[in-house]
Amino acid sequence: MTPLQVKVNTPSGEVVLETGKLASQANGAVTVQMKGTVVLVTACMSREPQDADFFPLTVDYQEKTYAAGKIPGGFFKREGKPKEIEILSARVVDRSIRPLFPSELRNSVQIVCVVLSSDAENDPDVLAINGASAALTISDIPFQEPIGAVRVGRDSQGFIINPTYAQREVSPLDIIVTANKEKILMIEAKADQEKEETILEAIKFAHNYIKDLITAQQELRKKVGKEKVVPQLSKIEPSILGNIKEKITPFLEELYKKETKEERLQLRKELLEKLKEKEELKDIEESLLKQGLDKLEKEFVRKKILTERIRPDKRKPAELRPIWCEVGVLPRTHGSAIFTRGQTQSLAVTTLGTTSDEQMIEALEGQTFKHFMLHYSFPPFSVGEVSPLRAPSRREIGHGALAEKALEAVIPKKDKFPYTIRVVSEILESNGSSSMASVCAATLSLMDAGVPIQEPVAGIALGLIKEGDQHLILVDIAGIEDHSGDMDFKIAGTRKGITAIQLDLKISGIDYSLIQEALSKALEVRLQILEKMVKTLPKPRPTISEYAPKIKTLKINPEKIGELIGPGGRTIRKIINQAGVSVDIDDEKGEVTISAETPEALEKGMKMVEEVTQDLEVGRVYTAKVTRITSFGAFCEIKPGKIGLLHISEISPNFVKNVSDYLKEGDIIKVKILQIDQQGKITLSKKQADEENR
């Protein structure tokens with residue numbers, strides 16, 4: 001096939017979609033290019049359906065180091081397991097396209113996004129979303145309609161489409177929006193306490209440019225699109241479904257009355273066993289019975305909520321589950337807190353470290369360091385299950401990244417609080433919105449650790465039941481509502497504004513009015529949660545834990561760094577060993593960070609660093625070490641690398657015949673600097689120093 005291109009002009013540059021040149025054996029393959037960044041996206045579907053009770057979609061995103069002209073570090077010199085940024089980018093692509101497949105599709109679909117070239121200016125993740133949609137659109141894989149995605153930033157002039165890495169660094173808003181021509185499908189946002197109105201404006205601004213990207217994909221489809229296959233869908237026969245419904249409707253009423261997730265799980269298990277015993281259902285596969293039961297239960301739950309306004313736990317649509325908080329729960333950690341909302345509970349633990357504890361991130365755009373990290377852990381016991389403990393899952397990495405985004409805006413700058421900060425959220429119970437519980441628990445834990453955050457942050461998840469023109473937004477969704485509903489809209493923020501958003505849908509889009517309604521409800525309940533949190537701990541503790549390292553940062557002349565390190569590192573090692581401190585030096589900024597276990601050691605280390613790095617002053621008295629005796633005087637080391645001459649006439653007010661009668665090598669004496677000439681030669685006086693010390 002002859003390569004075919006379509007182009008879309010955006011304010012930040014031309015986006016080029018091309019097909020027909022690469023990976024022609026895939027069901028669909030497209031390259032997406034913006035300036036020097038190129039992403040290849042392929043879509044493949046298995047020929048036969050899988051034996052599964054869910055749609056088996058997999059999205060893989062790979063950043064090849066050759067894309068930036070680099071060779072991988074480490075021993076093996078090749079790309080290994082996915083990095084965190086690759087997992088997060090894959091999740092953004094997955095969440096954008098998943099609602100647009102038939103829910104009963106059981107053929108495996110795999111999307112592979114490979115970054116082939118990176119100009120270190122334009123992020124490939126948004127290009128990958130557009131590439132995935134384009135590859136699926138031109139393929140024979142059943143996919144509802146093309147979608148588009150853009151990133152929006154903001155500067156003093158207004159919103160920016162697809163900002164560069166440098167522009168994002170200073171932008172108070174970083175939002176990815178995915179949409180079809182009519183409605184919004186996915187949102188991923190980080191913000192610096194932005195107002196709800198600003199977020200909605202940014203979404204509308206993004207949508208204008210998304211429509212052009214969709215038009216380009218439709219043009220591509222017209223020219224090279226394949227006829228869509230009609231796969232075997234995993235649908236249960238209406239007659240069988242009706243038969244099951246007749247048998248279980250009374251039980252669904254009973255199921256709905258159960259207050260806890262555990263009770264519902266047990267009753268559902270019993271119900272399935274009873275269905276299997278029915279004569280007319282004996283020939284039906286268990287997987288189809290489960291599917292039928294799940295479908296009918298969802299319909300029942302949705303009807304109860306939407307038409308009768310009755311939630312499973314009897315709450316009103318805008319009502320929060322009971323909340324309780326506690327801080328300082330662990331005796332030897334630097335900060336700890338528990339946040340419990342209904343049957344969802346997070347234990348957050350804060351640890352303060354030094355500069356050497358920062359996380360180094362090697363990405364295509366270059367190497368960076370993180371001084372704030374939030375890690376999310378979801379052990380199986382949190383949902384009453386048994387499974388092996390393994391490396392963090394994609395879900396854990398995604399939830400941790402979302403909670404981290406939510407708090408980044410309020411974390412103090414390193415020059416104000418020179419600590420590396422790590423928060424771990426241990427999910428001890430889970431029944432809906434554990435990532436937002438992590439935000440709340442982490443906030444309290446940071447305040448308990450004495451981290452001077454700008455504002456407390458709280459998070460909430462909203463759900464949606466939508467049938468035709470009817471809809472109902474649910475606040476603080478529990479697991480059964482998330483499972484049966486159409487939306488998971490997570491919103492975190494402070495009293496002042498929003499700090500993070502994550503919108504996932506199971507339907508093919510929502511309109512602006514619904515987004516506005518959700519943002520408004522989220523603000524209302526966020527303020528309620530914050531009120532409960534500040535009652536537990538009103539503000540950060542005035543001091544850090546006695547178990548945390550003591551840290552101070554000194555600014556020095558960068559030209560003095562060589563003196564501080566000393567020949568072969570002798571000077572810095574001497575300070576570290578004698579004071580019992582750790583010392584980190586930033587060559588570019590001229591910053592020296594000193595950390596110690598006790599305030600006394602910290603003060604000693606700071607004093608030693610200051611003595612080495614401060615300029616010598618004429619007329620000032622210093623402590624010096626006699627290094628060499630001569631017939632005409634003694635040479636004394638005032639500080640490492642700085643030697644002055646103490647002439648025999650300046651040793652004592654009395655006549656001195658032999659220097660050795662008064663001094664010997666190794667003596668520690670007080671001397672006054674009399675002169676520093678243009679060549680840097682230093683003249684000293686012991687007798688004048690002695691006079692001043694009397």
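I looked up Leu462 and found it opposite Val475 in strand 19. The model is predicted, so I note the limits: local features need pLDDT of at least 70, side-chain atom pairs count only at pLDDT 80 or more, and totals for chains, interfaces and linings use all residues. Residues are numbered from 1 along each chain as its sequence is written, and side-chain values use heavy atoms, with hydrogens and water left out.

**Strand 18**

I took strands (E, at least two residues) and helices (H or I, at least four) as DSSP runs, numbered from the N terminus. Two strands pair if DSSP finds at least two bridges between them. Strand 18 (residues 458-467) pairs with strand 19 (residues 470-475) in the antiparallel sense, over six bridges. Two residues lie between these strands in the hairpin, where Gly468 takes a positive phi near 60°. Strand 18 also runs antiparallel to strand 20 (residues 487-493), joined by six bridges. There I found Gly463 opposite Asp488. Eight of the 10 residues of strand 18 are buried (buried is under 20% relative accessible area, exposed over 50%, partly exposed in between; 1.4 Å probe, protein chains only).

**Cores**

I then checked the nonpolar cores, that is, sets of buried Ala, Val, Leu, Ile, Met, Phe, Trp, Tyr and Cys residues joined through side-chain atoms within 4.5 Å. The largest holds 128 residues, and Leu462 is among those that touch the most other members, as are Ile97 and Phe489. Helix 4 (residues 196-224) gives the most to this core, with 11 residues. Another core, of 26 residues, lies apart from it and includes Ile465 and Ile477.

**Salt bridges**

I counted a salt bridge where a side-chain nitrogen of Lys or Arg is within 4 Å of a carboxyl oxygen of Asp or Glu. The structure holds 39 of them.

Glu481 and Arg315 form one, with the closest N and O atoms 3.8 Å apart. This pair links distant parts of the chain, 166 residues apart: Glu481 is in helix 10 (residues 479-484) and Arg315 in the loop between helix 7 and strand 11 (323-327). Glu481 is buried at 3% relative accessible area, and Arg315 is buried at 6%. Both belong to a network of salt bridges that also includes Arg311 and Asp476.

Glu299 and Lys295 also form a salt bridge, again at 3.8 Å between the closest N and O atoms. They both lie in helix 7 (residues 286-308), four residues apart, about one turn of the helix. Glu299 is partly exposed at 37%, and Lys295 is partly exposed at 38%.
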